[in-house]
Amino acid sequence: MFKLFSKIKGRFNPTVSRRRLIALYIIFVVIPIILSDSLILTSIYNTEQTVRRHHLENEANAIHYTFFNQVDQAAKLGSAIYSSLYVDRFIHDNYESGLDYYNSYRQFFDDTLLHLVTSQSGMDFKIYTDNDTIINGAEFQNIDKAKGTDWYNYVMNSGLKKGLYFDTKIGPNKSILRTIYLFQRLNYYEYNSPNVMLIEIDYAQFVEELENLNYEFKAYICDDDYILMSNGKYSNVAKDYTSVDNLRDISYTQDFEAYGKKMQIKIVGAPTSFWNILKNRWYQLCFMLLINIALPLFVSDLMHTTYKNKLKEQETVVARKNAELLALHSQINPHFLFNSLESIRMHSLLKQENETAQMVEHLAKLQRQYTEWQQDNIYIETELDFVKAYLNLQKYRFGDRLSFEIDVADDCRKLLIPKLTLVTFVENAVVHGIESKTTPGWIFVRISKNESKVTIEIEDTGTGIPEEEAEELLSKMRSANIDMLKEKGRVGIVNACLRLKMITDNNVTFDLDSELGAGTLVQICIPVDKLEGVN
């Protein structure tokens, strides 16, 4: 036995065995731990970077939406004035006396409701014109007062019809006040006209909208030279703009352009170094330590961590979508708007200004339909109420130049149709048919039914459409699809046709007949069964 033991002991070399044990330990314990730790640390770092980037993108997107919402109100006002024949005539009329101009001035604001629009949106505007018979003051100024100013030189040199301009002006007590201008060249009817509209957007209100987003990181809207505004520092309305060179530690930049103005959203975020991120994830480091101690549980723990990280990424995606939805939702407060309109209407009734009260009532009815979408499909007779409200509102603008007639068969009144489709075609008839016509015109809406189909006709006795444009419009109506909504021009008509095609499974036909100087007829034919119970 001793011989055998000695033999075995001789074969057992402590040094070799120790080396083998160390090698096995390194191969089966140390290397897996190093690999697993590296994977976990990389996963933690990448996940934190992804989450952080999503947060920064959320903030930039919300600021982007808010910025365009504020500017878009001014842009829409500028576009309306730009293409308005009524406004063009007013600023080009030759006024025989100051009294003549004053009477026309009062009638102008009574007809256009511009004071109502600008007061609700917090905007102010001035129109600079080369008409020497217009008296300087308030909203209308002689073009000579603009010439030589920085903003006017920018308008002339930029070549833009519409654009943004950030400037400062002298306020009370000779203090500096930051201002945001949107300019609109008024050369729609006369290409070489120097007339220009300057809309001032409330800078303080603009900044307040950015601050109300309540994001944790400081964001700055800049151009190449200056910090134009932010949700924190550098947005003092009473100080001049600060150089963009003062910004440090920019974590995220998003370029965008608004009406010819190239800008960037710059966000200063949390530190991005590897050790700072790990410090913020100390609890995950503790978890990793437990994995190192309990190696047999490594696989299950790693899967759990991966699941948690994927879930976190999904939560950030949902959060980003919610942020975008909230930014869009914050663009309008319908209850405030409707309450304000009702207050104006009641005030007008008390003062026996019945015509104004009716105008406000029509406007409120239309606005409510544009903001309430509990259901998309409504009765034809309800849709025609919106059409009447719209046309009655337009009659205050056009007066005797616009007349209309609505003829609908009784058995068509309870058929269902997508909301605001007929209004869209009628609006198109007014804008493109009646607006540019100097003589009186008519709008006819006719709806009839036979055994198999419903026929809808919208006709105007306006200026008509050139043959090539009419063919192009009819082609768009017949082939309407989602991608066309991204294009410019008559998007409302494409939208209405697309929704009609969707509820009828493409069983709808469109026809268009137009003659220059005579008018335009749009005909829509839909199978009766497609309008029964599409709700």
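Reader: Which residue of β10 stands opposite C222?
Author: In this predicted model, the residue of β10 opposite C222 is Q264. The two strands involved, β6 and β10, run antiparallel and are paired over five bridges.

Reader: And which residue stands opposite C222 in β7?
Author: That is I227. Strand β6 covers residues 218–222 and strand β7 covers residues 226–230; they are joined by three bridges in the antiparallel sense.

Reader: Is C222 buried or exposed?
Author: C222 is buried, because its relative accessible area is 0%, and buried means under 20%. C497 also counts as buried, at 0% relative accessibility.

Reader: How many disulfides does a search of the whole structure find?
Author: The search finds zero disulfides.

Reader: Back to the sheet, please. What is the order of the strands around β6?
Author: The order is β8-β7-β6-β10-β9, an open sheet of five strands with antiparallel pairing. At its edges are β8 (242–243) and β9 (252–258), each of which pairs on one side only.

Reader: How many of the residues of β10 are buried?
Author: Six of the eight residues of β10, residues 261–268, are buried, so this strand is largely enclosed by the rest of the structure.

Reader: How many bridges join β9 to β10?
Author: Seven bridges join them, and the two strands run antiparallel. One of the pairs is Y252 with its bridge partner I267 in β10. The two strands form a hairpin with two residues between them. In that turn, Y259 has a positive phi of about 50 degrees.

Reader: Let us change topic. Which other open sheet of five strands is there, and what is its order?
Author: Its order is β2-β1-β5-β4-β3, and the pairing is mixed. The edge strands are β2 (140–142) and β3 (162–170); each has a single partner strand, so one side of each is left without a neighbour in the sheet. From one strand to the next, the twist averages 30 degrees.

Reader: Where is the parallel pairing?
Author: It is between β1 and β2, over three bridges. There, I127 has F140 in β2 as its bridge partner. By contrast, β1 and β5 run antiparallel, joined by six bridges, and K126 stands opposite L198 in β5.

Reader: And how do β4 and β5 pair?
Author: Strand β4, residues 176–185, pairs with strand β5, residues 196–201, in the antiparallel sense over six bridges. Within that region, Q184 stands opposite M197 in β5.

Reader: How covered is β1?
Author: Mostly: β1 runs through residues 123–129, and five of its seven residues are buried.

Reader: Now the core. Which residues touch the most other members of the largest nonpolar core?
Author: They are F425, I443, I447, I456, M477 and I524, in a core of 49 residues. Another core, of 48 residues, lies apart from it; Y95, I127, Y203 and M263 are among its members.

Reader: Why would such residues be gathered together at all?
Author: In soluble globular proteins, nonpolar side chains tend to be buried together.

Reader: What does I456 touch?
Author: Leaving aside residues up to four places away in sequence, I456 touches I417, L422, R446, I447, V522, Q523, I524 and I526.

Reader: A helix next. What should α13 span, and how far apart are its ends?
Author: Helix α13, residues 380–398, has 19 residues, which should span 27 Å at 1.5 Å a residue. Its end C-alpha atoms are 26 Å apart, which agrees.

Reader: Which residues of α13 are buried?
Author: The buried residues are I380, E383, L384, F386, V387, A389, Y390, L391, L393, Q394, Y396 and F398. Just after the helix, G399 takes a positive phi of about 65 degrees.

Reader: Lastly, the whole protein. How many helices and strands has it?
Author: There are 16 helices and 17 strands. Of its 535 residues, 42% count as buried. Among contacts with a separation of 6 or more, 65% are between residues 24 or more positions apart.

Definitions and conventions
Residues are numbered from 1 along each chain as its sequence is written. This is a predicted model: local features need pLDDT of at least 70, side-chain atom pairs count only at pLDDT 80 or more; totals for chains, interfaces and linings use all residues. Side-chain values use heavy atoms; hydrogens and water are left out. A disulfide is a pair of cysteine sulfur atoms within 2.5 Å. Buried means under 20% relative accessible area, exposed over 50%, partly exposed in between (1.4 Å probe, protein chains only). A nonpolar core is a set of buried Ala, Val, Leu, Ile, Met, Phe, Trp, Tyr and Cys residues joined through side-chain atoms within 4.5 Å. Contact means heavy atoms within 4.5 Å. Two strands pair if DSSP finds at least two bridges between them. Helices (H or I, at least four residues) and strands (E, at least two) are DSSP runs, numbered from the N terminus. Axes are lines fitted to C-alpha atoms, for helices over the stretch in contact, and angles run from 0 to 180 degrees between N-to-C directions. The expected span of a helix is 1.5 Å times one less than its number of residues.
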